[in-house]
Amino acid sequence: MIRQPGAADTPPPPVPTLNAVDPAAVDPEFVRRIPIAFARRFCVLGLAASDGVIPVVAPDLTDVAVLDAVAAQLGRAVEPVLAPRDTILAALHQAYSQQSGGAELIIDQIDAREEDTLLRSLQHDRDLLDHAAAAPVVRLVNLMLLEAVKRRASDVHVQPLEDRVQVRLRVDGVLYDYVHIPTALLDEVVSRVKVLGRMDIAEKRLPQDGRTTVCIGDRVIDLRISSLPTSFGERVVLRLLDKSARLYKLPELGMNLRDLDRFRQLIRRTHGILLVTGPTGSGKSTTLYAALQEIDSRELNVLTLEDPIEYQLSGISQTQVSNKKGLTFATGLRTVLRQDPDVIMVGEIRDEETARMAVQSALTGHLVFSTLHTNDAAGAVTRLLDLGVEPYLVASSVLAVLAQRLIRCVCPDCAHPVEIARTDIARLGLPSEVGNTAFCRGSGCPRCTQTGYYERTGIFELLVVDERVRRQIIQRAEATAIRRAAMDAGMRTLRQDALERLQSGRTTVEEVLRVTHDEEMDKEAEARTARAASE
């Protein structure tokens, strides 16, 4: 049956049935003109038109008024098609989440006369996709967050400058400009963000922190919000954590087979400390979660202390640390030890008390996982010593340290072979014969938003504490000596692991130099450059 707008009701003849709905086949006009609240409530979705007729999929076609309403809103003839409810909703959420951001259009629609009424109209939306009837600034913030999710951004920066407000997105660890906002709208945008984070919108002179959970279709996103007063107004940063994102397994992290095998052996030990190090956003928590998933929680009692709990792990007891309530990592660790644990994950070792408690836990028969903020694996050992832990305790308790970084991968859709310059070959310390090897680079495409990179993989440096390293620790040797002893035992550095990704065509020279730093190689490169300049 084909229903014209306003057509009279007629007995429906047999209609076609779909078992799957491709989100790419959804009619863009339907997404633009039909609010998601209506589409979700009545579970309808329009597909690409055929001969001027739009097929509308629904799980139940007895309510002909819904089809009439869709036809009237679109001003087109519609044809009913049956499909399962779950299939329609999944395609619906994906189609609406892929709609054009439209932030620039919203900014153009906001004139000076609206600015006085915008603040009063701020309200909390249940679903960021449902912004059809929202106030302009509410829609603007919703679309900014929607675009951030579409581009796989981890952070949204709202940065006030002298003549404008710059919105930037951090994608795969790098900031990109997204949109400019007029300075006159800064207060309204910041107020909207503060309402989302349940922060004090009247306080503009002090930093604030907030958090909330929003929905984008069927995806649940945790937002951690931070505001900071600056000379041009309040700066706001929103960190996005997709609660519906899947957990990674150890083999998916990018670890080479040799290190993966050794790391798996280490996480099956009965006692000791395993440390994962790296800067903020280097994937430390992801690695720890992957390791915990490989531990049999039916036979072992596994407990975690986290700040915050990022993902729920089946069969594992997870505890949220709260400094305001007096539950720190150190106090929580004391309590956890009375819970008869086999494996303990401590989110981060930040102070001497936590470091000593972790060491004592390892020495009394527990396997402890934790993180530290250091540049490399050897630096984690000296960091524990700097915190006040005695060298013999560190040498006896630490099993290994895994340093890691995330490096961007060349986009597979626009990758093309390139020749690497000889200066880069010398700078990276590669053999001269690789000059004829074709490396890869991305030229930019819609999938990678013209950056040439898509997603990231891990690079790793696994330092296993053997007898030679243990002697260096007891002697309070410097990090460079510990690192050299580990390399003599076969440790691959972060730079070496990154170079392997470069030679396999997965990343670029610029990424290797941006992410890794090898002091010895850099010194040699500087010496070669100096010799060349003198000649």
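No disulfides (pairs of cysteine sulfur atoms within 2.5 Å) are present in the structure. In general terms, a disulfide is a covalent bond between the sulfur atoms of two cysteines. Cysteine 43 is buried, with a relative accessible area of 0%, whereas cysteine 215 is partly exposed at 29%. Here, buried denotes under 20% relative accessible area, exposed over 50%, and partly exposed in between, computed with a 1.4 Å probe on protein chains only.

The structure is a predicted model, in which local features need pLDDT of at least 70 and side-chain atom pairs count only at pLDDT 80 or more, while totals for chains, interfaces and linings use all residues. Residues are numbered from 1 along each chain as its sequence is written, and side-chain values use heavy atoms, with hydrogens and water left out.

The protein chain comprises 535 residues, of which 50% count as buried. It contains 20 helices and 18 strands; these are DSSP runs numbered from the N terminus, with helices (H or I) of at least four residues and strands (E) of at least two. Among contacts (heavy atoms within 4.5 Å) in the protein chain with a separation of 6 or more, 65% link residues 24 or more positions apart.

Two strands are taken to pair if DSSP finds at least two bridges between them. Strand S5 (residues 165–171) runs antiparallel to S6 and is joined to it by seven bridges. Within S6, tyrosine 176 lies opposite leucine 169.

S15 pairs in the parallel sense with strand S10 (residues 272–277) over five bridges, and alanine 400 of S15 stands opposite leucine 274. With strand S18 (residues 453–464), S15 runs antiparallel, and ten bridges join the two. Arginine 405 has isoleucine 459 in S18 as its bridge partner. Strands of a sheet pair through backbone hydrogen bonds, either parallel or antiparallel.

Nonpolar cores were defined as sets of buried Ala, Val, Leu, Ile, Met, Phe, Trp, Tyr and Cys residues joined through side-chain atoms within 4.5 Å. The largest nonpolar core has 56 residues, and Leu463 and Leu502 touch the most other members. Helix H13 (residues 377–386) supplies the largest share of this core, six residues. A second, separate core of 34 residues includes Leu143, Leu146, Ile181 and Leu196. Apart from neighbours within four places in sequence, leucine 502 contacts Ile420, Leu428, Leu430, Phe439, Thr507, Thr508, Val509 and Val512.

Salt bridges, defined by a side-chain nitrogen of Lys or Arg within 4 Å of a carboxyl oxygen of Asp or Glu, number 29 in the whole structure. Side chains of opposite charge can pair when their charged atoms come close. One of the salt bridges links arginine 205 and glutamate 203, with an N to O distance of 3.9 Å. Arginine 205 is exposed at 71% relative accessibility, whereas glutamate 203 is buried at 19%. Glutamate 348 and arginine 350 form another salt bridge, at 3.2 Å from N to O. Glutamate 348 is buried, with a relative accessible area of 18%, and arginine 350 is partly exposed at 36%. A further salt bridge joins arginine 470 to glutamate 467, with 2.7 Å from N to O. Because arginine 470 and glutamate 467 are three residues apart in helix H16 (residues 467–474), about one helical turn separates them. Arginine 470 is partly exposed, at 23% relative accessible area.
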